[in-house]
Amino acid sequence: MSKTSKRFRTIEGLFSDESLYTIDEAIEILKKCPPVKFDESVEISLKTGIDVKKSDQQIRGTVALPHGLGKSIRVLVFAKGDKVKEAEEAGADFAGNVDLLEKVKGGWTDFDAVVATPEMMREVGKLGKVLGPRGLMPTPKAGTVTTDIAKAVAELKAGKVEFKNDKNGLVNNFIGKLSFDSNKLKDNIEALLTAIAKAKPSSAKGNYMQSLAISSTMGPGLRINLTTVSGI
């Protein structure tokens with residue numbers, strides 16, 4: 001019979017599976033968990049009431065988190081001519097066309113976000129098998145298919161994130177690092193939830209936001225009392 005670790009037993013004593021917490025309480029519990037050797041990420045998981053089988057009930061959008069994600073975002077830009085220089089000057093980590101297209105086609109994915117000019121999308125669309133499963137395919141709705149390359153790169157570097165539902169109607173997003181000040185984590189969470197609330201499909205009926213949990217990489221998942229969350 002396997003034994004539970006001391007760390008796990010300590011965590012178990014910090015919360016109850018039966019309880020609902022405020023965002024402040026949940027963050028406090030996560031910060032009280034015994035530390036690990038790296039800076040854990042903090043994630044939210046929101047269960048929605050959309051009908052995922054209906055195309056007009058998909059949730060997708062972007063939001064600039066007020067305090068960023070706490071990590072360097074590697075941005076890849078597909079562009080030609082002067083737009084390549086514009087991307088590089090804006091801080092893109094990789095910018096170009098043919099060579100980068102071939103590199104990604106070969107399975108390279110050492111980047112966190114992709115931006116493309118409209119003229120490049122015919123070729124970028126062929127990378128769907130590589131970019132699609134990782135949620136990296138550029139889209140006009142996310143602002144990652146654009147002629148304003150400098151703006152798109154700057155926003156991504158500053159903490160702009162995309163959110164969308166999965167096949168089960170869940171929206172899962174990282175919102176920062178556990179080392180963040182508690183108020184900064186709360187600001188990021190509320191900014192994301194407010195954006196998701198505004199993105200509610202007009203055809204969605206009933207209870208839109210059904211349940212919410214906040215967790216850290218090596219910490220527990222804590223259920224949140226949605227009635228205590230402002231902005232939704």
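In which helix is the place of A150? The legends below answer this and go on to other close-up views. The structure is a predicted model, in which local features need pLDDT of at least 70 and side-chain atom pairs count only at pLDDT 80 or more, while totals for chains, interfaces and linings use all residues. Residues are numbered from 1 along each chain as its sequence is written, and side-chain values use heavy atoms, with hydrogens and water left out.

View 1. A150 has its place in helix α7, where helices (H or I, at least four residues) and strands (E, at least two) are DSSP runs numbered from the N terminus. With a relative accessibility of 27%, A150 counts as partly exposed, a class that lies between buried (under 20% relative accessible area) and exposed (over 50%), using a 1.4 Å probe and protein chains only. Leaving aside residues up to four places away in sequence, A150 touches E86 and A90, contact meaning heavy atoms within 4.5 Å. The C-alpha atoms of A150 and T139, which are eleven residues apart along the chain, are separated by 16 Å.

**View 2. The packing of helices α3 and α7.** Helix α3 (residues 82-90) packs with helix α7 (residues 149-158) at an angle of about 30 degrees, and their axes are 8 Å apart; axes are lines fitted to C-alpha atoms, for helices over the stretch in contact, and angles run from 0 to 180 degrees between N-to-C directions. The two helices are therefore roughly parallel to each other, since angles under 35 degrees count as roughly parallel, over 145 as roughly antiparallel, 65 to 115 as roughly perpendicular and the rest as oblique. On the α3 side the contact is made by K83, E86, A87 and A90, and on the α7 side by I149, A150 and V153.

**View 3. The crossing of helices α2 and α8.** The axes of helix α2 (residues 23-32) and helix α8 (residues 182-198) come within 10 Å and cross at roughly 130 degrees. These helices are therefore oblique to each other, and α2 passes α8 in a right-handed crossing. The contact is made by I23, D24, I27 and K31 of α2, together with S182, L185, K186, I189 and E190 of α8.

**View 4. An aromatic cluster.** F94, W108 and F111 form one aromatic cluster, in which rings of Phe, Tyr and Trp (its six-membered ring) pair if their centres lie within 6.5 Å, and planes under 30 degrees apart count as stacked, over 60 as edge-to-face and the rest as tilted. The ring centres of F94 and W108 are 4.9 Å apart and their planes stand at 90 degrees, so this pair is edge-to-face.

**View 5. I59 in its loop.** I59 lies in the loop between β1 (41-48) and β2 (60-64) and is buried, with a relative accessible area of 1%. Not counting residues up to four places away in sequence, I59 touches several residues, among them F163, V171, I196 and Y208.

Definitions and conventions. Left-handed = near helix turned anticlockwise from the far one by under 90°.
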